[in-house]
Amino acid sequence: MTIDEVVAFVAVAEWGGFTEASMRLNLSQPAVSRRVRELERSLGAPLYERAGRRVRLTAAGRALLPHAEAVLATVRDAERAVREEVAREGETRSLGLAIVGTLADSHLVDALRAFESRSPDVAVELTTATSRQVSALVRTGEASLGLRYFPDADPRLESIPLGAERLVVVVPAGHPLTAGRLPGLEALHGERWLGFSPERGQPDSFGHLLDRLLPEGTRVTRIDSLTAQKRLAQAGLGVALMPVSSVHEELRIGSLRTVEVDGLEAWLPVVAVRRRGGHRGPLTEAFLEMLREHTPGLRC
């Protein structure tokens with residue numbers, strides 16, 4: 001078992017397939033597949049079930065994953081600790097940050113700008129991902145800190161509340177509904193909703209929230225990408241509940257519009273996640289403090 005093999009195995013799990021992992025690792029797909037096969041050979045067990053481009057962890061793969069993530073996190077923590085110890089004054093230092101893409105459109109950007117302005121010798125290595133992937137990047141130590149929606153129930157991670165974003169009902173510009181306000185979500189009975197799948201093991205995920213808010217029997221098409229949800233809504237293929245920060249541009253150009261709903265109090269918690277027991281470098285702590293200073297627009 002080599003570190004390269006472990007990296008390839010974990011990347012396939014994080015990003016959902018060999019093609020996606022190869023793009024993430026900047027390797028060819030055959031190279032990623034070869035490393036995973038070598039790991040399977042050394043362990044004497046298949047780690048993935050393959051069906052075309054779709055892959056699924058086997059029982060052996062599920063047993064290995066948390067240990068593989070811990071190995072990578074330990075190695076990356078060790079590298080960071082040494083680099084911080086031997087860094088010379090004026091040398092560029094790096095901070096790995098994983099963030100849900102829609103949060104990059106909000107006031108959290110102000111925290112990034114202020115941090116880089118105050119720390120010109122620090123390069124922020126920014127990765128955008130889904131909330132699930134943000135947590136995975138933090139668990140493996142690829143990112144020192146993550147910004148995502150909803151606290152993560154994984155006991156290996158610490159979720160630090162930053163506030164919450166308001167959710168709004170979004171309809172396509174050409175939707176026949178003309179009222180700007182509705183008495184309740186029941187008024188949208190018969191509409192096709194676009195939403196995330198409830199995350200297994202995460203009872204407070206976006207998908208679970210939507211299911212709790214919608215009347216029983218509502219049709220929901222599960223789309224695990226906010227960008228894809230917006231595009232489908234723009235095309236008139238459904239309505240959605242979205243963070244207000246994620247639709248600023250679409251509202252500005254008029255391709256989507258919002259509808260107020262009486263009694264709808266829907267908020268999306270925003271948290272920073274870090275690994276419990278992981279390396280706590282000064283850069284991570286400094287950026288966390290900057291986040292607290294620059295997120296007053298989030299409802300707490």
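This is a predicted model: local features need pLDDT of at least 70, side-chain atom pairs count only at pLDDT 80 or more; totals for chains, interfaces and linings use all residues.
View 1. I3, V71 and V75 make a nonpolar surface patch of about 200 Å². V71 belongs to helix α4, which covers residues 59–86.

View 2. The largest nonpolar core holds 84 residues. Within this core, F9, Y48, L147, W193 and L291 touch the most other members. Leaving aside residues up to four places away in sequence, L147 contacts L97, A98, I99, V100, L103, L108, V134, L162, V271, A272 and L291. In soluble globular proteins, nonpolar side chains tend to be buried together.

**View 3. Strand β6 beside β12.** β6 spans residues 157–172 and is mostly covered. Of its 16 residues, twelve are buried. Nine bridges link β6 to strand β12 (residues 267–275), and the pairing is antiparallel. E158 faces R274 of β12 as its opposite residue.

**View 4. Strand β6 beside β10 and β11.** β6 also pairs with strand β10 (residues 239–243), antiparallel, over four bridges. Here V168 stands opposite M242 of β10. Strand β11 (residues 256–261) is another antiparallel partner of β6, again with four bridges. In this pairing, V170 has T258 of β11 as its bridge partner.

Conventions
Residues are numbered from 1 along each chain as its sequence is written. Side-chain values use heavy atoms; hydrogens and water are left out. Patches are made of residues with over 30% relative accessible area and no salt bridge: like charges are joined within 9 Å, nonpolar side chains (Val, Leu, Ile, Met, Phe, Trp, Tyr) within 5 Å. Accessible areas come from the Shrake-Rupley method with a 1.4 Å probe; for residues, only the protein chains shown count as cover. A salt bridge is a side-chain nitrogen of Lys or Arg within 4 Å of a carboxyl oxygen of Asp or Glu. Helices (H or I, at least four residues) and strands (E, at least two) are DSSP runs, numbered from the N terminus. A nonpolar core is a set of buried Ala, Val, Leu, Ile, Met, Phe, Trp, Tyr and Cys residues joined through side-chain atoms within 4.5 Å. Buried means under 20% relative accessible area, exposed over 50%, partly exposed in between (1.4 Å probe, protein chains only). Contact means heavy atoms within 4.5 Å. Two strands pair if DSSP finds at least two bridges between them.
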